[in-house]
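Welcome! Please take a look at the sequence and the model below, and then read on for a guided tour.

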Amino acid sequence: MTRQTRTHPKRANHRATPPAARAKKNTGPSILVVGLTGPNASGKGEVAKFLAAHGFGVFSLSDVVREEATRHGLDHGRDSLIRIGVEMRARDGSGALARSVLPRLDRLAVVDSIRNPGEVEVLRTLPRFLLLGVDAPQPLRFQRSAQRGRPGDGATLEEFARKEDRENSGTEAGQQLLKTLALADLVVCNDETIEALHSKVRGALRARHFALRAGR
């Protein structure tokens, strides 16, 4: 009599599932990377803080530049950081800063301070990426800039505006904020209260079928 070999059903199912299909079990609609772009003092940092309170890890491309400045013993003033960022993009490609944070990103992440279309191109290789623009009228942004007192932003509205014009007329390796903002999937105008900004961000994510969980 011929012996029949019986295969355990669970073991057979496991062998029948290819590794790529099993890997999909670790992904899903809860995975989202939100990129933030927009002009100086528009409120990107406030949006990052709001998302952090809802479980997002926050990563800033400016921090990548600050780390480079620290390694070379340089200051963290705005002009210095812009120059270092340009040097890094010129050396390693326009998407260099974004590539450096890819290994750090987790299931829910915010990437702040996106200032070059090359960075957007790199981040759009992720399975689920939303580029959120944050904007506000220039005079209002200047007021916010003056209140936070960050070195190098410009002491007058005219100086503030001149700096922005220079930053938007750079080379491929430079800051191209207007071109980057034009790539945004959605843009929120931060010209009201912080509560209104939070509501707009929540609505923007909901429009892309992502509901924020309760804040911590």
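## A buried serine

Leaving aside neighbours up to four places away in sequence, Ser 42 is in contact with Val 134, Asp 135, Ala 136, Arg 141, Arg 144 and Asn 190, where contact means heavy atoms within 4.5 Å. Ser 42 sits in the loop between S1 and H3; the helices (DSSP H or I runs of at least four residues) and strands (E runs of at least two) are numbered from the N terminus. With a relative accessible area of 0%, Ser 42 is buried. Here, buried means under 20% relative accessible area, exposed means over 50%, and partly exposed lies in between, using a 1.4 Å probe and protein chains only.

The side chain of Ser 42 also reaches the backbone oxygen of Val 134, at 3.0 Å. This is a polar contact, that is, a pair of N or O atoms within 3.5 Å; within protein, one must be able to donate a hydrogen and the other to accept it, and residues adjacent in sequence count only if both atoms are side-chain atoms.

## What kind of model this is

This is a predicted model, in which local features need pLDDT of at least 70, side-chain atom pairs count only at pLDDT 80 or more, and totals for chains, interfaces and linings use all residues. Residues are numbered from 1 along each chain as its sequence is written, and side-chain values use heavy atoms, with hydrogens and water left out.

The chain has an average pLDDT of 84, and 84% of the residues score at least 70; pLDDT is the predictor's confidence in each residue, from 0 to 100. Over residues 1-29 pLDDT stays under 50, and the model has 8 contacts beyond four places in sequence for them. Where pLDDT is low, the predicted coordinates should not be read in detail.

## The chain as a whole

The secondary structure comprises 11 helices and 5 strands. The chain has 216 residues, and 43% of them count as buried. Among contacts with a separation of 6 or more, 71% are between residues 24 or more positions apart.

Which residues touch the most other members of the largest nonpolar core? They are Val 111, Ile 114 and Leu 123, in a core of 21 residues. A nonpolar core is a set of buried Ala, Val, Leu, Ile, Met, Phe, Trp, Tyr and Cys residues joined through side-chain atoms within 4.5 Å. Two or more residues come from each of helix H4 (61-71), helix H5 (78-92), helix H6 (96-101), strand S3 (108-112), helix H7 (117-123) and strand S4 (129-135), and H4 gives the largest share, with 4 residues. Beyond four places in sequence, the residues that Ile 114 touches include Leu 36, Leu 61, Leu 123, Phe 129, Leu 131 and Leu 177.

Another core, of 20 residues, lies apart from this one, and Ala 48, Leu 51, Leu 108 and Val 188 are among its members. In helix H3 (residues 44-52), the buried residues are Lys 44, Val 47, Ala 48, Phe 50, Leu 51 and Ala 52. These buried residues pack against strand S1 (32-37), strand S2 (57-60), S3, S4 and helix H11 (194-207).

## Aromatic pairs

The model has 2 aromatic pairs, counted when ring centres of Phe, Tyr and Trp (its six-membered ring) lie within 6.5 Å; planes under 30 degrees apart are stacked, over 60 edge-to-face and the rest tilted. Phe 56 and Phe 210 have ring centres 6.1 Å apart and planes at 70°, so this pair is edge-to-face. Phe 56 is in the loop between H3 and S2 and Phe 210 in the segment after H11, so the pair ties together parts that are 154 residues apart in sequence. Both Phe 56 and Phe 210 are buried.

The rings of Phe 142 and Phe 160 have centres 5.7 Å apart and planes at 65°, so this pair is edge-to-face as well. Phe 142 belongs to helix H8 (residues 138-148) and Phe 160 to helix H9 (residues 157-167), so the pair ties together parts that are 18 residues apart in sequence.

The side chains of Arg 148 and Asn 40 are joined by a polar contact of 2.5 Å.

Arg 148 and Ala 41 are 107 residues apart along the chain, and their C-alpha atoms are separated by 9.1 Å. Ala 41 lies in the loop between S1 and H3 and has a positive phi of about 60° although it is not a glycine.
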